[in-house]
Amino acid sequence: MQKKNVLLWVSAGLVYLFLYLPLVIVVVFSFNDSRLNAEWVGFTWKWYGKLFHNREMLGAAMNSLIIATVSTGTATILGTLAGMAMNQYRLRLLPLLVLSPIAMPDILMGVSLLLFFIMVNMTLGLLSIMLAHITFCIGFVALAVQARMSSMDPALVEAARDLGASPWRCFREITLPLLLPGILAGALMAFTLSIDDFVITFFTAGVGSSTLPLQIYSMVKIAVTPEVNAVSTLLMLLTLVVITGASRLYPAIFRGE
Amino acid sequence: MQGKAWYKYLLSLPPMAYLLIFFAAPTFLMFFATFRYAGEYGGLAPWYLHEGGRLTLDLTLENWQRLLETDIYLRLFLKSIGYAVTTTLLCMIMGYPLALMIARSGHKNRDLLLLLVILPFWSNFLVRIYAWMIIFSPAGALTRMLNGALELVGAGPVTLMYSPTAMLVCLVYVHLPFMVLPLYANLEKHDLDLLDAAQDLGAGKWRRFWLITWPLSLSGITAGSILVFIPVLGMFAIPDLLGGTNGIMIGNVIKQQFMESRDWPFGSVLSMVLTVTAVAVVLLGSRLGRRREGR
């Protein structure tokens, strides 16, 4: 192969610096003993301590977790069905419905769902947020499942059927185990998207219920305080733990991509 | 099993029904709302009147007329498109060397280098914006260093926060992985023998790049550009938090119509225009991509 291109490596290195420096600053200042995120004064845990006494923040975190769990579960089932259907049949409407939400700016789904929920007289709250999250998660699960299924040998299912297995048994013992890495990858994606979503939640949350990103937004709107750094750091840690946990438990999820 | 109709419907009906209700219907209702009057206390007025036992439609075109009355909204759209184009170009300039470096590095390092691109992307969207609020804050080290340097040459102090520059930096930061990942997927598939052959025939480094790598990577660039352009076009959080009064984009006005002024019909008009723009960009991009693959 060719010799290493120094210019290429240096510019790529600078881009990595650009990607990480801001996050490092957030983490470092979360331990800084000063209200201002400007100068290093001394080490402290107090912003984390404050965080664990902030009832609103804890409530929002709880909401985020509930919403992400329910939405991921539902979107994974619906998305798996959609992915399988898209792989096996030449459908027109379903791929359009599955892919369009991914290709649209988030704000459009947010405002149209707000309009919809109000028109059907639904009170905005946890339920409306969940319904919205399921909507944008289905596509990502479907794509992951479809990709996995297209690499699957259809002869396996046919052979099992020839040998007398019922469709259900076929699904349970052949299709499902083979699709599992795709399904889990999709579910993981759905979970992180749901936990992280700000824009669509912003429009569908109503006044009473808050999620972690909404809580961060309202804090940041008022002032830059180290408490936000602390919650940000914890959120990064959580995502890191979920991702590495998943890759340890089920390495096949990441090999497929 | 494949041939049975009930099986097909068992698979496709539940997700289809869900998306028809929670995606297609809301989109249609939003389109319908562009022809309705705003409600007295926000929201929407009824779309029919009940007069003397007869139902009459109560719809209007005035929301669309309002869009065209002044050039405010046209300019706003153009400005948003300008931000989206600039962000896309900057992502390309920064993302290309990175994607190329990853694609050309050894198999062992490749996964790790790629993971390092995705990792910041997994931290929350608002956290990534917040990070730049710290960096650009007037009390922050960057602003003070910059102003210190400017003072030496006798120039006045500047504020970085609430400026288009701050907005653009953050827009690029948030969307860079969207460009790098499809570009990498494309560059990784290139046949390196082509480059070796060109080298044997005496082509220099830059010539090899412009005649081989660049044309082959155009479909990756198209895919990445769509993935960056669309979300930037509808962005409201970054202008909201970093842009100040001059940095307003179309997303901010849509948000304002729905949440603050509560003029939903006009908000719907702006949203529909955004939808059409986004669809046009996606169609154009996929056509460009297909044509390149065909020839």
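Which residue, with a positive phi, follows helix 5 of chain A? That residue is A:N121, with phi near 60 degrees, and this report returns to it below.

The model described here is a predicted one, in which local features need pLDDT of at least 70 and side-chain atom pairs count only at pLDDT 80 or more, while totals for chains, interfaces and linings use all residues. Residues are numbered from 1 along each chain as its sequence is written, and chains are lettered from A and ligands numbered from 1 in the order in which they are written.

**The two chains**

The secondary structure of chain A comes to 12 helices and zero strands, whereas chain B has 13 helices and two strands; helices (H or I, at least four residues) and strands (E, at least two) are DSSP runs, numbered from the N terminus. The radius of gyration of chain B, taken over C-alpha atoms, is 25 Å, well over the 19 Å that the globule rule gives for 295 residues, so chain B is more spread out than a compact globule. That rule is 2.2 Å times the number of residues to the power 0.38.

The table sets out some values for each chain. A residue is buried if 20 or more other C-beta atoms lie within 10 Å of its own, exposed if 12 or fewer, and partly exposed in between, with C-beta atoms placed from the backbone.

| Chain | Box of C-alpha atoms along the principal axes | Buried residues |
|---|---|---|
| Chain A | roughly 75 × 65 × 30 Å | 45% of 257 residues |
| Chain B | roughly 90 × 75 × 35 Å | 39% of 295 residues |

Two residues are in contact if their C-beta atoms, placed from the backbone, lie within 7 Å. Among contacts in chain A with a separation of 6 or more, 79% are between residues 24 or more positions apart; in chain B, among contacts between residues at least 6 apart in sequence, 69% join residues at least 24 apart.

**Where the chains meet**

In the interface, 65 residues of chain B are in contact with 69 residues of chain A. On the side of chain B that touches chain A, the elements giving two or more residues include helix 1 (5-33), helix 3 (72-104) and helix 13 (264-294) of chain B, and helix 1 of chain B gives the most, with 19 residues. By class, this side of chain B has 50 nonpolar, 13 polar and two charged residues, where Ala, Val, Leu, Ile, Met, Phe, Trp, Tyr, Cys and Pro count as nonpolar, Asp, Glu, Lys and Arg as charged, and the others, Gly among them, as polar.

The largest nonpolar core has 146 residues, and those with the most contacts inside it are A:I138, B:W132 and B:C170. A nonpolar core is a set of buried Ala, Val, Leu, Ile, Met, Phe, Trp, Tyr and Cys residues joined through C-beta atoms within 7 Å. Leaving aside its neighbours within four places in sequence, B:C170 is in contact with B:I129, B:W132, B:I238 and B:L242.

Helix 5 of chain A is mostly covered, with 12 of its 14 residues buried, among them A:D106, A:G110 and A:F117.

A:N121 lies in the loop between helix 5 and helix 6 of chain A, and is exposed because 6 other C-beta atoms lie within 10 Å. Most residues other than glycine have a negative phi.

Helix 6 (residues 126-150) of chain A has 25 residues and reaches 36 Å from its first C-alpha to its last, close to the 36 Å expected. Of these 25 residues, 21 are buried, and helix 6 of chain A is thus mostly covered. A kink of about 30 degrees in this helix is centred on A:C137, the bend at a residue being the angle between axes fitted to the seven residues ending there and the seven starting there.

**Two further residues**

In chain B, phi of B:R262 is near 55 degrees, a positive value in a residue other than glycine. B:R262 lies in the loop between helix 12 and helix 13 of chain B and is partly exposed, with 14 other C-beta atoms within 10 Å.

A:V28 has its place in helix 1 (residues 6-29) of chain A and counts as partly exposed, with 13 C-beta neighbours inside 10 Å. The C-alpha atoms of A:V28 and A:T74, 46 residues apart along the chain, are separated by 38 Å.

Terms used:
The expected span of a helix is 1.5 Å times one less than its number of residues.
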